[in-house]
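Please work through each task before reading its solution.

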Amino acid sequence: MTQFFVKRGDIVYIYSDGIGDNLLPEEISIITRGQYYADAFRAIIDTVTGRMLRYGLESHSGQYHFSKIFGPCKDGFWQPPKADNRSLVAIQI
Amino acid sequence: MCAFEILTRGNGSSGLIASLSQFTLACGYTVLAGTDRGVGYSDVNQDCIGIDVENNRIVVADGLGSDKDSELAAKLAVECILKGQKSFHEVQKEFCGLINGADRTGTLANGFSGQIEGDTCLIALEIQEIMGQFKKLSIAQAGDVKLIVVRPSVIYNPIFTTVDQTVAQEAYDSGEIKDKRQYYCSFSKADSNVHFLN
């Protein structure tokens, strides 16, 4: 079992790979920085929705193959977008 | 018997926001939770969220792959943890550290439902009260559902991230994959899990 100690003010996020395959943990930290947890929740979902829409439009063009080799995708995120079921829980400590 | 709530479905691309639910745990913390099938993905949502406000427990499960009962496996795994059919410590003992943890959760669900064809990843979280400023998170994990902790008062975040229990992560840890990008880009993590298990 993993244990970790948190304190007041921390925000805990739990998410499935529908979120995690589109956003690295560090990217989630960046896009939620300074936000109230409910706003942070929406920011994560909006970003992932945007990426999933791009995936639908662009996944068959092959352009994301380049990002696998050379670095971040052209939308600035590190992982190629991916469509999947998604779940997100945010807990304000 | 404790009371708990399970979220399983959201409709369409705006489903997650539309189905957003708010809870207040017994320890006083506020929880926002939502799930949907994703944008342009499928008509099925194999994810499942369970929240037991009384006992400060939250489980997020992600049914794996195209097995016909993966949706059911996720729901059953959440139910059996929150109903206490498996204690939290039994769950973590059976799943944690196992690269094939996702398969074990399917086995767990089978134990309460008969034969089903489906496996699930999950994170089970219990928040425990501790005197003073700090609270303890106890985390049981299988597969690639993630938990991170962000602390607004520090520069480097997240301050904590669970490590996936997948074949892809094992390859990264062993040096077979040297670049973290390859972990995310070159491997289909869920597929790796399924191939390994088969």
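Strands, as named here, are DSSP runs of E of at least two residues, numbered from the N terminus. The model is a predicted one.

**Exercise 1.** Locate Gln141(B), decide whether the residue is buried or exposed, and state which backbone oxygen lies 2.8 Å from a polar atom of its side chain.

*Solution.* 
1. Gln141(B) belongs to strand S7 of chain B, which covers residues 134–142.
2. The relative accessible area of Gln141(B) is 3%. Buried means under 20%, so Gln141(B) is buried.
3. The backbone oxygen in question is that of Val163(B), 2.8 Å from a polar atom of the Gln141(B) side chain.

**Exercise 2.** Determine where the salt-bridge partners Lys146(B) and Asp164(B) lie in chain B, and classify each by accessibility.

*Solution.* 
1. Between the side chains of Lys146(B) and Asp164(B), the N to O distance of the salt bridge is 3.2 Å.
2. Lys146(B) is in strand S8 (residues 146–150), whereas Asp164(B) is in the loop between strand S9 (160–161) and helix H5 (167–174); the pair, 18 residues apart, links distant parts of the chain.
3. Lys146(B) has a relative accessibility of 7% and therefore counts as buried.
4. Asp164(B), at 4%, is buried as well.

**Exercise 3.** Identify the partner of Lys82(A) in the salt bridge with closest N and O atoms 2.5 Å apart, and describe the setting of the pair.

*Solution.* 
1. The partner is Asp21(A).
2. Lys82(A) lies in the loop between helix H4 (64–70) and strand S3 (86–92) of chain A, and Asp21(A) in the loop between helix H1 (17–20) and helix H2 (25–31) of that chain. The two residues are 61 residues apart and link distant parts of the chain.
3. With a relative accessible area of 25%, Lys82(A) is partly exposed, while Asp21(A), at 9%, counts as buried.
4. Both residues belong to a network of salt bridges that also includes Asp17(A) and Asp84(A).

**Exercise 4.** Explain why the salt bridge between Arg86(A) and Asp36(B) joins two chains, and state how many salt bridges are counted over all chains.

*Solution.* 
1. The closest N and O atoms of Arg86(A) and Asp36(B) are 2.8 Å apart, and the cut-off for a salt bridge is 4 Å.
2. Arg86(A) lies in strand S3 of chain A and Asp36(B) in strand S3 (residues 30–36) of chain B, so the pair joins two chains.
3. Both Arg86(A) and Asp36(B) are buried.
4. Over all chains, the count is eight salt bridges.

Notes. Residues numbered from 1 in each chain as written. Chains lettered and ligands numbered in written order. Predicted model: local features only at pLDDT ≥ 70, side-chain atom pairs only at ≥ 80, totals over all residues. Heavy atoms only, no water. Helix = DSSP H or I, 4+ residues; strand = E, 2+ residues; numbered from the N terminus. Buried < 20%, exposed > 50% of the residue type's maximum accessible area, 1.4 Å probe, protein only. Polar contact = N/O pair within 3.5 Å; in protein donor to acceptor, adjacent residues only side chain to side chain.
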